[in-house]
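Me: I have a structure open and would like to learn how to read it. Could we go through it together?

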Amino acid sequence: MTEPTAETPAPPSTDPEATSAAIAAGAAASAAPIAEPVTPVPAAGPLSKPYRWLSIGMFSLIFLAAFEAMAVTTIMPLVAEQLDGASLFALAFAVPLAAGIIGMVIAGNWTDRSGPIPSLLVSAALFVVGLVIAGTAVNMEVFIVGRFVHGLSGAAVIVPLYVIVGRVYPAELRARVFAGFAAAWVIPSIIGPALAGVVAETFSWHWVFLGVIALVVPAAAMMLPPVLRVRDQVQGDPSVQWSISRMGWAVLVAAAALGVSLAKELGDPWRWVVAIAAIALAAWAARPLLPPGTLRAARGMPATVLLKLIVAGAFFGSEIYLPYLFIERYEFSPSLAGAVLTGAGVSWAAASWLQGRLTRVSNTQAVVIGTILLAISLAVVFVVALFTLAPAIAFTAWTLAGGAMGFMYPRFSVAVLALSPVSAQGFNSAALTISESLGAAIALAITALVSSALGSGMFAADFAVTVAIAVVAVLLAGRVRPLGASSVAS
């Protein structure tokens, strides 16, 4: 695809917040390209010789994160049943998302200051600790603590990976690298849900978490040598200060997001009062963590970050309930119920591969197409849940939803990196991933709140909420294009 260009690149800033504000203010007239690699090489592909082992290492980490995510979604109904934690089902998903907001802010600040390598190594180590806690939990409270730890660290891994892509790979390869990240979901999507179900049914759900540890350690070790070889290209800027205030805001956002989840435990009308207040607090506290203008969908980078928040809420707010729906209403086994996630994972990867080669499709066009398809898909799933239609219809619709996400999701990252100078890549990458976690956490909280209030027909209520969120995404999708940018370039 054609990247936005500018006559004069924006000068690097040592203050990520100031840099982000400057970028947003100037996005209407121009966009600052990020720095090219220190030693330019012909860009044959992400797996060509200069990038091969680095790409394989990053894809491996994404592969394991994908397997863990698909596995947890599949076995969570079983975990909630065995640990007597059905009332904490949605919270078990919301906690790692909220923790991820904190992890991403810390990782973003650390990456801008010290480069991506230190934060990447520490995050990988903490991810293993979280898996140990969750895998050995004997009650739902300890399980949620484990989810918090590997949510904190798992999200933090993504920020340095994004920065490595922006620093090491030339602009024409970035969309293909992000497509590779999506492709790394294919095998976990095909075998992950079924394998997790079989392990949980044959042995114990505990081994689903503990087994991932045996894969994470060698994958991290494999990635270390290629990352160290490009360390000169990924150096941080020591003049970037630690922002304690942003970390404090991140904690407040995470607490507010969890407050929405916990509001469902209150009676009427207080559950609604607390939920609305918590959502307002989360939005207010998130402002320093996001590009200026994000909450009002200002054109360009702010709207791109907001769209990822909304789209993540719609998709992931629906995803956790699909296996639950099939287990509870259609009496599927966990392994069979998890198979519904397989189609979406494969279509996500296929659509992501396709968008990486459709260079004439702009970022904005990809997002518009993706949001429309997502809204249609979720509407079909809602109808299936409402009228208890054949589960095959929901499977087909969810496969289309995965394709919609795969077609637009890589473009969010490409668009933000294209507007980010080197000194703010960590901050802006963190902002993009924070929006994803915040959107999913709030959506999960709202669905839990609505279904608890309505009681019967909870699945239809859950999907009604996510359809409404997807419709908002459709209405705002066109604002991804910055003011003054041509439809081809953006």
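Reply: Let's begin with contact, which means heavy atoms within 4.5 Å. This is a predicted model, where local features need pLDDT of at least 70 and side-chain atom pairs count only at pLDDT 80 or more, while totals for chains, interfaces and linings use all residues. Residues are numbered from 1 along each chain as its sequence is written, and side-chain values use heavy atoms, leaving out hydrogens and water.

Me: Leaving aside neighbours within four places in sequence, which residues is methionine 140 in contact with?
Reply: Methionine 140 is in contact with Met76, Val79, Ala80, Leu83, Gly85, Leu88 and Ala92.

Me: How do I read a helix's length?
Reply: Helices are DSSP runs (H or I, at least four residues), numbered from the N terminus. The expected span is 1.5 Å times one less than the number of residues. Helix 4 (residues 116-135) has 20 residues and should span 28 Å; its end C-alpha atoms are 28 Å apart, which agrees.

Me: What do the buried residues of helix 4 pack against?
Reply: Buried means under 20% relative accessible area, with a 1.4 Å probe and protein chains only. Those of helix 4 include Phe127 and Leu131, and the buried residues pack against helix 2, helix 3 (89-114), helix 5 (140-168) and helix 8 (206-229).

Me: Where do helix 5 and helix 8 meet?
Reply: Phe143, His150, Leu161 and Ile164 in helix 5 meet Phe209, Met223 and Val227 in helix 8.

Definitions and conventions: Helices (H or I, at least four residues) and strands (E, at least two) are DSSP runs, numbered from the N terminus. Buried means under 20% relative accessible area, exposed over 50%, partly exposed in between (1.4 Å probe, protein chains only).
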